[in-house]
Amino acid sequence: MNDPADPESNPFGRVAGHWEQVIDDMAATATQYRDDGHEAIELHPGDVAVLTGEPRTMAERNGEYEPETRRLGFDVVVPGDEFRRVADALEDRTVDRSEVFRATGDGMVFLLVALECGDDLAVLVPLYYDQTDRADLSQVAADHGLYSHIRPLTDDEVVTVSHEDPEPFFPD
């Protein structure tokens, strides 16, 4: 796995331009859901990390948080107000369908995941990962399932969503 502190392996330069397009696509997708009568919640992650078992999140490394079970999949850090909105919206709802829009560029995979709850709610979660993480992430998905862990910066609460079909997360 890449070391984000190492400037040579930090993907920021390969993400920035494409990420703006993903966010624009998310806004357009949200408008389409709203036009179809859905409530659409758009998430704007400040960070997305692939969790394959190690390394642990900073809170886990410094002893502030020890999970009952290890989080695997995507760690999605969103602003506190967005987290509260999605946590409240999903508190008594089940994600019953997901649609995954995907693109690749500069060695990265970009995803926009639409989590649909019934006929009235869609939560839009933009994600990305470095293609060098693909094999490890794919193995995690095969062994344990694929999850997105949406949380605020404080890492004291989390909304975990299971992606029943991981295949769309791994474009050819």
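Me: In which sense do E7 and E8 pair, and over how many bridges?

Reply: This is a predicted model, in which local features need pLDDT of at least 70, side-chain atom pairs count only at pLDDT 80 or more, and totals for chains, interfaces and linings use all residues. Residues are numbered from 1 along each chain as its sequence is written, and side-chain values use heavy atoms, with hydrogens and water left out. In general, strands of a sheet pair through backbone hydrogen bonds, either parallel or antiparallel. Here E7 and E8 pair in the antiparallel sense over five bridges; strands are DSSP runs of at least two residues, helices (H or I) of at least four, both numbered from the N terminus, and two strands pair if DSSP finds at least two bridges between them. Isoleucine 150 has valine 159 in E8 as its bridge partner.

Me: What is the strand order of the open sheet?

Reply: The order of the four strands is E2-E3-E7-E8, with mixed pairing. Strands E2 (47-51) and E8 (159-163) are the edges, each pairing on one side only. E3 (residues 73-77) pairs with E7 (residues 146-151) in the parallel sense over four bridges, and aspartate 75 has histidine 149 in E7 as its bridge partner.

Me: Which residues of E8 form its covered face, and which its uncovered one?

Reply: In a regular strand the side chains alternate between the two faces of the sheet. In E8, Val159, Val161 and His163 make up the covered face, whereas Thr160 and Ser162 make up the uncovered one. Helix H3 (residues 80-90) lies across E7 and E8, at about 65 degrees to E8; such angles run from 0 to 180 degrees between N-to-C directions, with axes fitted to C-alpha atoms, for helices over the stretch in contact.

Me: Is arginine 71 buried or exposed?

Reply: Arginine 71 counts as buried because its relative accessibility is 9%; buried means under 20% relative accessible area, exposed over 50%, and partly exposed in between (1.4 Å probe, protein chains only). Arginine 71 lies in the loop between helix H2 (58-61) and E3.

Me: What does arginine 71 contact, leaving aside its neighbours within four places in sequence?

Reply: Contact means heavy atoms within 4.5 Å. By that criterion, arginine 71 is in contact with Leu51, Tyr65, His149, Arg151, Asp155 and Val158.
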